[in-house]
Amino acid sequence: MQFETIPHPAPMPDAAREAAIADPGFGKVFTDHIVTIDYDEDKGGWHSARIGPREPIALDPAASVLHYAQEIFEGMKAFPHADGGFAMFRPEENAKRFNASARRMAMPEISEELFLEAVRLAVKTDAKWMPPVDGGSLYIRPFMFASEAFLGVRPAKQYKFVVILVSTSNYFKGGVNPVKIWVSQDYVRAAPGGTGAAKTGGNYAASLVPQAEAIAKGCDQVVFLDAAEHKWVEELGGMNLFFIRRDGSVITPPLTGTILPGITRDSLIAMLREEGLEVREEPYSIDQWRAEAESGELLETLACGTAAVVTPVGTVTSPQGEFTIGTGGIGQMANKMRERLIGLQNGRVADQHGWVMRV
């Protein structure tokens, strides 16, 4: 599929762009361009691929996404390399997960080749928006939504696939520091048979009230327990968890359909095993978390995701009390895994897995 290029009539001036990316934070500084591809079942599928100026998207008030929430997205990054080029980390896995989300939400799949071409084109076009700061990257947000105007409850027949970019620095404002976690008491993120394994906006909307509750309790993030027994640790609002134990074993909650299959999670499983640790995907209860932290059996808890990379969990709190993991600081394995992962992404560490794709 050929992409039509629509010239930008007024890209941001160089001086204004340089000022914006000098300290971009996370999620606020958008680049000049947008990639769009349309889907129409009656026209044979995907068509009208284009890249042009970033601008508002016109929607009919009856567009299906506004009423029945057929919407999915991905989160990925482009990283600067020392030679002046850029690279993405395991983007083919994002393409696969995007299609898995599409299947669960009764949406059309997009070929992995077209997905990757769209994100590559977006990065190449707006490469000058890469922030010149430590930890800087271009955060890539591909998403798709149902655009057909109708009010019947059925899968839509028209969709729009979009790629936007954000200049970004570190996810957490304070840099790499241990986070404090609130254990959600009254809310769950997902239930068996639901959409927990899909990267769809509704899952994140459901996490906003408990996340606000966590912040009100003086915490950085919320951790969700399972819906059935309310005892098994699942994930944070947007990150997977690993439990590093004194006996050389590592536990991470299993992918049973209620947890998002994180690409950083999958990478860490491989990397931790290369460190000689025994990584097991098995249930881990909140009671076990507390008991092992208090006994010293648990050395570290790692939270991981595309945006936050690897972040140590220092303290866990709930109405039943508070407990600290290790010394409450940045543990040896958290630091090692974070530096190794960032090194791979930035080209400073040899890529033995073939995970890095040059743009």
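1. Strands here (E, at least two residues) and helices (H or I, at least four) are DSSP runs, numbered from the N terminus. E8 and E9 pair in the antiparallel sense over ten bridges, and two strands count as paired if DSSP finds at least two bridges between them.

2. A quick word on what you're looking at: this is a predicted model, where local features need pLDDT of at least 70 and side-chain atom pairs count only at pLDDT 80 or more, while totals for chains, interfaces and linings use all residues. Residues are numbered from 1 along each chain as its sequence is written, and side-chain values use heavy atoms, leaving out hydrogens and water.

3. Have a look at what else touches E8. Strand E5 (residues 71-73) runs antiparallel to E8, joined by three bridges, and glutamate 71 sits opposite phenylalanine 145 in E8. Strand E6 (residues 76-80) is also antiparallel to E8, again with three bridges; here methionine 76 has isoleucine 140 as its bridge partner.

4. Is E8 mostly covered or mostly open? Mostly covered: nine of the ten residues in E8 (residues 137-146) are buried. Buried means under 20% relative accessible area, exposed over 50%, and partly exposed in between (1.4 Å probe, protein chains only).

5. Now for the rings: the whole structure holds 14 aromatic pairs. Rings of Phe, Tyr and Trp (its six-membered ring) pair if their centres lie within 6.5 Å; planes under 30 degrees apart are stacked, over 60 edge-to-face, and the rest tilted. Tyrosine 39 and tyrosine 159 are edge-to-face, because their planes meet at 65°, with centres 5.9 Å apart. Tyrosine 39 is in strand E3 (residues 33-40) and tyrosine 159 in E9 (residues 158-168), so this pair ties together parts 120 residues apart in sequence. Both are buried, tyrosine 39 at 17% and tyrosine 159 at 2%.

6. Phenylalanine 98 and phenylalanine 161 are another edge-to-face pair, 5.6 Å centre to centre with 85° between the planes. Phenylalanine 98 belongs to helix H3 (residues 91-104) and phenylalanine 161 to E9, so parts 63 residues apart are tied together. Phenylalanine 98 is buried at 0%, and phenylalanine 161 is buried at 0% too. Ring pairs link Tyr39, Trp46, Phe98, Phe115, Tyr159 and Phe161 into a cluster.

7. Finally, check the charges over rings (NZ of Lys or CZ of Arg within 6 Å of the ring centre and within 35 degrees of the ring normal). Arginine 54 lies over the face of phenylalanine 30, 4.2 Å from the ring centre. Arginine 154 lies over phenylalanine 150, at 4.0 Å.
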